[in-house]
Amino acid sequence: MIKTAQDIKSYKEKLKEALEDKFLRKALDTFNTVYRENRPTVYQGIDFEGIKEEIAAGKDAALSRLTELFEEFKTKAEAAGAKVHVAKDAHEANEIIAAIAKENNVKKIIKSKSMTAEETFLNNHLEKKGFIVTETDLGEWIIQLRHEGPSHMVMPAIHLSRYQVGDLFEGVTQQKLDPENIDKLVKVARQVLRPAYLEADMGISGANFAIAESGALGLVTNEGNMRLVTTLPRVHVALVGYDKLIPDLKSMFKILKVLPRNATGQAITSYVTWIKGATECGSSPTDRKEMHIVFLDNGRLDLAKDPVFSEALRCIRCGACANVCPIYSKVGGHKYGHVYIGAIGLILTLFYHGKENDRAIVRNCINCQACSSVCPVDIDLPYLIKKTYRAVLDQEGKTPAKNFLLSKVMKNRRLFHFILRRAYLAQKPFAGKEPMIRHLPLFFEKEHGYRSLPLIAKIPFRDQWRQLRTEVVHPKYTIALFCGCAIDFIYPEQGKALLDILKGHDIRVEFPMDQTCCGLPALMASEEETAKEVAIQNLKAMDSVNCDYILTLCASCGSHLKHNYLKMFKDDPDAPANLKAFTDKIVDFSSFLTNVLRVSSEEYEKTGEKVAYHSPCHLCRGLGVTDEPRKLIEIAGYEYVPSKDEDVCCGFGGSYSVDFPEISSEILKKKLDNVEKTDARILVTDCPGCVLQIRGGMDKRCGKIQVKHIAEIISEVKK
Amino acid sequence: MQNPDLIKRMQEKAEAVQAIVSKIIRLKDAFQYTVDVTKKQGGQTVVAAGLEAEDQALLKKQCETANLTLLDFPLRPQADKIHTALTPVDWGIAETGTLVLDSTSEDIRIATMLAETHVAVLPASKIKPDSMSLENELNAALKRDAPIYYAFITGASRTADIERVLAVGVHGPKELHILIMEENNA
């Protein structure tokens, strides 16, 4: 039985267990890497971005008329002899299926893989009623024998080793088996399950598609078990979520281009099957299959009408959001979902399995956007996860003290900045002579000690601005610097590096004093109202100067300003009129230098020093900037040295690293290991948050690589 | 029409998913092939679904000569005895090396799902570039107010459920042989 932690304390204990599972760690880490490395080959010749937009639009159109599509499907399916049922919730679906079994005098049931049946805990229900249920998908059969839930939506037994499967199958066959021979283990399933198909009275399947225009179900499979399940027994029941309804075959073909590629890296699965109506069946007294289709609502019809969450119903269950997730790859699916696994699981759990099962897991997202970048139906998963957490809090009628304080402080810039200045004094006793805190005060738990922490600057950037600013009489461009809290209050030197680089380029730089935190931390804490208030303050501040660009040195601020501001005010009648003009002006440091200023190598002293690069999540995925920083390193006369997984998260994620230090530190460790495998002595990145995390980790392990903001190394070699 | 590029692509893509592809000239070549493959694998039975009566009789004779049994219809009572299944298929899709087979007949389903080895005969003229180019044909079949069971088959059955290691031949056929029949152009 699935037991998901219902509070953060027991969740943390479970996470600890998972982090100690060596096999799981290795298996999932390898999977994560291999999956990402193979992806470009798998998608060769296919315009992924284009097709995903098309599919998303098609899904949205279908979701807006589900009941209509259902009626069309039902008419066509029934005309071919199928019986179509509707279940308003999981219990009703299970009852309908049990009743069909009873009416048809069924004793033995075989099943092919269905996440929807997992959702309703169908097997438990049928077994309680006395039916014998056998799963036939290899992975599902394994976890059924182990009385577990799936740990991945496509590969349900990915958490198990060949030795565990070998032991299990030895128990089933009462024979000695060689666990190294996986082919042989697979054949055990073939042999043992063959008679089960032939003896079964009823087969249960799911479906990937319910095609309205024809009344046919579409199923996408590899093992061949689903074909047997739907052919041999005299009764077939398909359990289908309403979200599987699509208008036509063309829509299915489109999805078929991405589903197998995203799920298993195949151009197409071994079998794609269309089933419609009561087909010929020799074991039925009527010579026709007793064919039933049960449509499951379980909240889907309401969800489809939700302006924000309907997006989640686009999901085609490819499982890719788990495959690329740095957290999933550390803790596995049993700790990263309830029934539905991965990023989409953190969202759907609230709607299908209630707030109790979601309240702990939903907090475990670092917002690195790896999932949304591979999602074939363009679901903004990290954003919806934060929205889901908000919905959990609202349902529980609770505001955590942390959220209350954060909102209160953040809405008031003066108070917020006052606290940051005070922090400089508070930290003094813990710092040594170095600008780092290496030993945390005692009120921190030891899990937090994986990185040294920077000191709050003695004089924030904003207080130095008067001295720093220079007059430019005939500027080529005017830029407004959006500094972000980290540079303003921790790393003013990164801001100063920028000013130094711009000297001689006829750029006027403005620093609007009323700018405040970008608001991302508020959004990450699911305090969207606060984030919106802060956004309006920033819009006003930036509007006070007439600028061509708004430049950020922080990738997280940049992508939040550019994308989330629009998102938060979408459909809001009070959205500021100048919002679009504001977001259009946002530019990151590297893009500004390479694309706007078009800096040349003559401006820099060539050193040829080897420099590694960390690509911040919010730069490469958030802002879609990948080439510019690497080019800039070379233009400035350094040698860019590639390292493994440059675009994988460093584990920072703002408050995530404080909330989940045990996971943050593991993600960081891998980042540091990869960088240390190169012969670079410097690592640069475009985000002060990543600098904080990576520099802190490097310092703690007494590593030799210097970690800097890219602006710093550019200014160092400026002639 | 036979397009050599399509045939080549079909073959490459099918082989990429472990199908065994050969070329034949006449349907009769497929009979000998089926007999040989069955003998080689130590099988004793053959089924053929979707053949004309006279071809069925010819195959039966060839099986008998080779000491193999060609199972009669209906196949259900002998479902656990099938070694090799020989079937013509309706279409091929070059883009993915896929076979398209209307499997509405229960005998075709039992043959192609339960056999250890599936030998499929694909006329070269029936190879289409991609699935979209079959949309009209498939749609016409699906939209009729009649039951239907339609299949795309690409390679043998497979799984990676244990440690993500690819294993071919799980619940469906362990081997898929495709015989591309290039009609005589002369």
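The structure is a predicted model, in which local features need pLDDT of at least 70 and side-chain atom pairs count only at pLDDT 80 or more, while totals for chains, interfaces and linings use all residues. Residues are numbered from 1 along each chain as its sequence is written, chains are lettered from A and ligands numbered from 1 in the order in which they are written, and side-chain values use heavy atoms, with hydrogens and water left out.

Helix 5 itself comprises 14 residues, 90–103 of chain A, and reaches 20 Å from its first C-alpha to its last, close to the 20 Å expected at 1.5 Å a residue; the expected span is 1.5 Å times one less than the number of residues. Buried positions in this helix are A90(A), A93(A), N94(A), I96(A), I97(A), A98(A), I100(A) and A101(A), with buried meaning under 20% relative accessible area, exposed over 50%, and partly exposed in between (1.4 Å probe, protein chains only). At the start of the helix, a side-chain oxygen of D89(A) comes to within 3.4 Å of the backbone nitrogen of H91(A), and after the helix follows N105(A), whose phi is positive, near 55 degrees.

Between the two chains, 69 residues of chain A are in contact with 51 residues of chain B, contact being heavy atoms within 4.5 Å. The size of an interface is often given as the accessible area lost when the parts come together. For chain A and chain B this buried area is about 5,100 Å², 57% of it on carbon and sulfur atoms, the area (1.4 Å probe) being summed over both parts. In chain A, the residues that lose the most area to chain B are R190(A), R227(A) and W274(A), which together account for 14% of what that side buries.

Across this interface the rule finds six salt bridges, each defined as a side-chain nitrogen of Lys or Arg within 4 Å of a carboxyl oxygen of Asp or Glu. R162(A) pairs in this way with E163(B), the closest N and O atoms being 2.9 Å apart. Elements of chain A that each supply at least two residues of the side touching chain B include helix 2 (22–42), helix 9 (162–173) and strand 9 (271–276), and helix 10 of chain A gives the most, with eleven residues. By class, this side of chain A has 35 nonpolar, 18 polar and 16 charged residues, where Ala, Val, Leu, Ile, Met, Phe, Trp, Tyr, Cys and Pro count as nonpolar, Asp, Glu, Lys and Arg as charged, and the others, Gly among them, as polar.

Over all chains the count comes to 60 salt bridges. One of them joins D60(A) and R314(A), with the closest N and O atoms 2.8 Å apart. Because D60(A) lies in helix 3 (residues 48–63) and R314(A) in the loop between helix 13 (300–305) and helix 14 (320–323) of chain A, the pair ties together parts that are 254 residues apart in sequence. D60(A) is partly exposed, with a relative accessible area of 30%, whereas R314(A), at 9%, counts as buried.

A further salt bridge, at 3.7 Å from N to O, links the side chains of E533(A) and K411(A); E533(A) lies in helix 26 and K411(A) in helix 20 (residues 401–411) of chain A, so that parts 122 residues apart in sequence are tied together.

E510(A) counts as buried at 16% relative accessibility, while R469(A) is partly exposed, with a relative accessible area of 32%. E510(A) is also among the residues touched by T478(A), which lies in strand 13 (residues 477–482) of chain A and counts as buried at 8% relative accessibility.

Notes
Helix = DSSP H or I, 4+ residues; strand = E, 2+ residues; numbered from the N terminus. Polar contact = N/O pair within 3.5 Å; in protein donor to acceptor, adjacent residues only side chain to side chain. Buried area = accessible area lost by both parts, 1.4 Å probe. Lists of a residue's contacts leave out its neighbours within four places in sequence.
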